[in-house]
Amino acid sequence: LDSQYPIARQLDMSQQTAARFLITHSSTQSVLEDSNLIKINLDKFSWNDYSSQNLQQNQSSAQLSYILFTSGSTGKPKGVCVEHQSVVNLLTDFQQRKFLSVGKNCSWWTSFSFDVSVYEIFSPLLSGGCLHIIEDENRLDSEKLLTYLKQHNIHSAYLPPFMINDFAHFDINELELIRLLVGVEPILEIQLQQMQQKLPNLQIINGYGPSEATICATLYKIPAQPIKNHHQFASIGQAVQNVSVYILDNYGHPVPVGVAGEIVISGVGLARG
């Protein structure tokens, strides 16, 4: 739950999910005072009172990993229920494209109410890396973010579309970046190539997908060779492993190459329902 959301929306989200517990801290614990949620305040939580052993429970890859609510642009916001196997499938695909080894530094830029945050948070945690949470004062200023990435020796990051043009013209040679995720809206491929040429070890990946398909349904690795058309948008690429993508007409039939249609996604990445 984003504490910046209106109280009514937070209550609606907690009720839709039938949540029983709320993990919080002193600065936000009063936000949902009138709810029936059992609050666990991390400021006052004593870890020493509990066992350090793993819980003895039967785990399944089909169990729920998270519920993330859509923006509601097409109606009432709905909770998207994603299973563990879907998240692991995507993150292992990224690892095969550009491996993150133990000890690598990764940044977290997005809001946790946006599904890209799942990629940012768990990429380092599942590969033995270190997660760096970018403070608000560094998030929205391109130059401050560049300085942050340098100072913390960040190896993997997500960069929002509105900063890409700035980074394409910045002197980024001192950065340690080896993997960069971009996406959300059309991005000029020449700008991404300009960044990649300054950092030979950098792999830029353009991702596309709705929340209901676990963050990204398709991925595209920006090629090293220069492109001729400087007005060309980066491709959304091909389907993530164990995912299929089809372009269909109104009758559910595949359309010929070059003909517009609806994107239809199937496979491990699909959320429940």
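Author: A definition first: the radius of gyration is taken over C-alpha atoms, and the globule rule is 2.2 Å times the number of residues to the power 0.38. With 273 residues, the rule puts a compact globule near 19 Å, and the protein has 20 Å, which agrees.

Reader: Where does the model come from, and how are residues numbered?

Author: This is a predicted model, in which local features need pLDDT of at least 70 and side-chain atom pairs count only at pLDDT 80 or more, while totals for chains, interfaces and linings use all residues. Residues are numbered from 1 along each chain as its sequence is written, and side-chain values use heavy atoms, with hydrogens and water left out.

Reader: How many helices and strands are there in the protein?

Author: The protein has seven helices and 13 strands. Helices (H or I, at least four residues) and strands (E, at least two) are DSSP runs, numbered from the N terminus.

Reader: And what does the C-alpha trace span along its principal axes?

Author: About 60 × 55 × 35 Å.

Reader: What share of the residues counts as buried?

Author: Of the 273 residues, 40% are buried. Buried means under 20% relative accessible area, exposed means over 50%, and partly exposed is in between (1.4 Å probe, protein chains only).

Reader: OK, strands. Which residues of β5 are buried on each side?

Author: Strand β5 covers residues 105-108. N105 and S107 are buried on one side, and C106 and W108 are buried on the other.

Reader: Which strand does β5 pair with?

Author: β5 pairs with β6 (residues 130-133) in the parallel sense, over four bridges. Two strands pair if DSSP finds at least two bridges between them. C106 has L131 in β6 as its bridge partner.

Reader: What about β8 and β9, how many bridges join them?

Author: Five bridges join β8 to β9, and the two strands run parallel. R179 stands opposite Q203 in β9. As for cover, five of the six residues of β9 are buried.

Reader: New topic: loops. Where is V184?

Author: V184 sits in the loop between β8 (179-183) and α7 (189-198). Its phi is near 85°, a positive value in a residue other than glycine.

Reader: Is V184 buried or exposed?

Author: V184 counts as exposed because its relative accessibility is 57%.

Reader: What is the phi of I215, and where is I215 found?

Author: Phi of I215 is near 75°, also positive in a residue other than glycine. I215 is in the loop between β9 (203-208) and β10 (218-221). With a relative accessible area of 4%, I215 is buried.

Reader: I227 next. What is I227 in contact with?

Author: Leaving aside neighbours within four places in sequence, I227 is in contact with E189, I190, Q193 and Q232. Contact means heavy atoms within 4.5 Å. I227 lies in the loop between β10 and β11 (238-239). I227 and Q193 are 34 residues apart in sequence and 8.5 Å apart in space, C-alpha to C-alpha.

Reader: Why does I227 count as buried?

Author: Because its relative accessible area is 15%.

Reader: Last one, V264. Where is V264?

Author: V264 is in strand β13 (residues 262-267), and V264 is partly exposed at a relative accessible area of 32%. Leaving aside neighbours within four places in sequence, V264 is in contact with S244, V245, Y246 and L248. V264 and I247 are 17 residues apart in sequence and 6.2 Å apart in space, C-alpha to C-alpha.
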